[in-house]
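Student: I would like to go through the charged pairs in this model. Can we take them one by one?

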Amino acid sequence: MIGPENLPESHRKLSILRNAEPGFTTYYTGENAEDLAHLRSCSVLLKPGFGHLAPEGVNVVETPRPQVAFYRLSKGFEEDYLPFHSLEQKAGAWIHPEAQIHPSASIGTGCVIGPCRIGPSVKIGPNCTIYAKSVISNGVEISAGSVIGASGMMWAWDGQHKVFLSQLGSVRIEAECNIGSNVTIVRGNANEETVIGKGSCIAHGSMIGHGCQIGPQNHLANSVALGGSVSSGAGCFFGSGSVVSPSTTLTNEVVLGAGAVLTSSATRSGIYLGLPAKWKSELAERMSGIPKWK
Amino acid sequence: MIGPENLPESHRKLSILRNAEPGFTTYYTGENAEDLAHLRSCSVLLKPGFGHLAPEGVNVVETPRPQVAFYRLSKGFEEDYLPFHSLEQKAGAWIHPEAQIHPSASIGTGCVIGPCRIGPSVKIGPNCTIYAKSVISNGVEISAGSVIGASGMMWAWDGQHKVFLSQLGSVRIEAECNIGSNVTIVRGNANEETVIGKGSCIAHGSMIGHGCQIGPQNHLANSVALGGSVSSGAGCFFGSGSVVSPSTTLTNEVVLGAGAVLTSSATRSGIYLGLPAKWKSELAERMSGIPKWK
Amino acid sequence: MIGPENLPESHRKLSILRNAEPGFTTYYTGENAEDLAHLRSCSVLLKPGFGHLAPEGVNVVETPRPQVAFYRLSKGFEEDYLPFHSLEQKAGAWIHPEAQIHPSASIGTGCVIGPCRIGPSVKIGPNCTIYAKSVISNGVEISAGSVIGASGMMWAWDGQHKVFLSQLGSVRIEAECNIGSNVTIVRGNANEETVIGKGSCIAHGSMIGHGCQIGPQNHLANSVALGGSVSSGAGCFFGSGSVVSPSTTLTNEVVLGAGAVLTSSATRSGIYLGLPAKWKSELAERMSGIPKWK
């Protein structure tokens, strides 16, 4: 088993492949050198015999199952994202002493706030939970009972046993977003942020998977379900109860109808309907309540 | 920009068009005089040159974009629906001193209760949030973690900027309703109630949009998503995970199958299935667990 | 009306038909003696003239509408699953003095914990609610804002009035399960457990109906909706936003695609897609992130 002690001391931080900057350790199970071309001064776990895929100067650790090895390795980097015993009660909320909360922000009664950053004029409703490392930017509003920065559930089989990937990332909600009640935004994976782009709205009951990259001025109606690593452009609109499969990409100004299920990437702007959702028409000017990104 | 000071002193309350009684101010972007025929002794924002649409005695304010002007105007009428600093802790819940709670009602531990009205024999589970102006009638039960009276998300573009409509309405839950856990019921818009009709059930995880008018003895199974302004007759049944598009109307005794997505109004009683949901069959007597309204 | 006093003193416990062991009282509205063949030393409510269906030694109570009579009877057996006035505040959570909590378990700030059982190494996130009789086994993790053991909503018409079946069952979450945030697991009906099998994952926003029997090593992605009494084998996978109708059975290794709606039982392993969901293909080895049960 590979532990932190098997890594160069200067590479003892974990990252998903895409974000692996110098100083991080990542893994790769494929066989295509291009996928690793961006790596510099870092470590990568690779299948035996594939060390040549890595660019020069990258430290290679060969191991039969790089994914399982990386997942096991992540356990050694786990942190407590809500250390209950450190919380202090303030005006009906429970707040970690290292939370950075702007004096103009308002924190709802019954909230539980980890060591996160909360910007000016933020308003957080009652009974919300904010896990560590979350960044809630200027002017964001969050309604009651929502959860920011919960852990995703990524795991792999190691024979008969499940190995979980410890979720080491964070959530960043950009300025002026509006988050409804009973919403969950799951945090990113290693060295990864889940991002909600500037000015986006996420209505009540919507669920955002780990590592999603939501563009600016998106609008998610109620009960939308995004799988992990969904990525959207500017001005997308997700109708009530719509669903997007993991790792799906939406270009700018994609509109998903109510209950539509997008299972493959939407590369053309316009309205998508059905299960699986298909492109149906251009976005007409007259549609109201829908972001028009200019 | 139009502010409250531009309105007659006796019209300084906002309303959606449908509910605009004497003394209110509303707006209209259309060109059909019939839509305004019900107005009396109130103010209406209209497009330039359309003042003649309003009945006599109605005060007309002409403005290039009545919707945007009304949304901006709403900001001046905003109220705090959960003034945290006024809440008082009582037996593990946080309660506003102006909340009217019947002595026979039971309020769960961890609840946050704004200045609302809670009737006899109401039972509210733990960790719920009840925003201001909500009316919870006789015998209603609400399970853990639900949110009543959250704000909806209505907005319009003003050039590059979003303008939000401040949500000034309320929620009324009629007698003997049964609301599950992790449910959100969004409050109405200006001078508008979201209504849950007498004896209706809303199971766990269902999300009810702003201004919905749910009839008596409806049954919503778990994870139902209703967009804003959905209206249903008596005895409707919504299967697990079903979805209804905004502003859709259902007549009496409409049954939506599990996962069905209703995108246009259902004018005939019976069973609707699919995406988009279509009428499939009459409602058979033998169906169990489904309200039979007589 | 039939009350507890009309039952033999030794049969004054209620049960669903399937689980009715000696000493319980149940009901039956059908006309097939085989459905009652398992009954021994118990009581059963039957339609008038159908007493002969019951095996010898079973106490028969004939009544015109056995279901309604049983539902009314259940009221007399009702218990308070969260007696607020008995809760005690401990380190920011509210805990019933009869809750059995292993010293190695961690209870989140803002939790409300009824008289349940919580095993070793369990971790419960902030603002969760655990109703009475729930059993949370060794190593289970539950994220913020989830509700375990809420009441389901079962009722029947008695003329113009609804009669609710008091939900007298419980929830059992087996070892090493991972439950996300904003999840609800509804408790079983009379003498019935809702069971989440060993090592299963239920991601954020998923809703589990009363009496579901989820097999081991299942994976429910976010926003999954299971109706009541759904039963699944080992290693099933439910995609984001998928829906399963009440009383549906899934064999081992059934994979439901994102947004798929399963309305009838899945008797063959493999991948099911669409509305209604249909079998599409075998489960390919190479699918990642999906449980492979061996």
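Tutor: We will set each value against its cut-off. Keep in mind that this is a predicted model.

Student: What makes Arg65(A) and Asp158(A) a salt bridge?

Tutor: Their closest N and O atoms are 2.7 Å apart. The cut-off is within 4 Å, so the pair counts. Arg65(A) sits in the loop between strand E3 and helix H1 of chain A, and Asp158(A) in strand E15, 93 residues apart.

Student: Why is Asp158(A) called buried?

Tutor: Its relative accessible area is 16%. Buried means under 20%, so Asp158(A) qualifies. Arg65(A), with 43%, is partly exposed.

Student: Which residues are linked in a network with Asp158(A)?

Tutor: Arg65(A) and Arg72(A) are linked with Asp158(A) through salt bridges.

Student: How do you know that Lys133(C) and Glu79(C) meet in a salt bridge?

Tutor: The N to O distance is 2.9 Å.

Student: Why is Glu79(C) called partly exposed?

Tutor: Its relative accessible area is 44%. That falls between 20% and 50%, so the label is partly exposed. Lys133(C) has 33% and is also partly exposed.

Student: How many salt bridges does the rule give over all chains?

Tutor: The count comes to 27.

Technical notes. Residues are numbered from 1 along each chain as its sequence is written. Chains are lettered from A and ligands numbered from 1 in the order in which they are written. This is a predicted model: local features need pLDDT of at least 70, side-chain atom pairs count only at pLDDT 80 or more; totals for chains, interfaces and linings use all residues. Side-chain values use heavy atoms; hydrogens and water are left out. A salt bridge is a side-chain nitrogen of Lys or Arg within 4 Å of a carboxyl oxygen of Asp or Glu. Helices (H or I, at least four residues) and strands (E, at least two) are DSSP runs, numbered from the N terminus. Buried means under 20% relative accessible area, exposed over 50%, partly exposed in between (1.4 Å probe, protein chains only).
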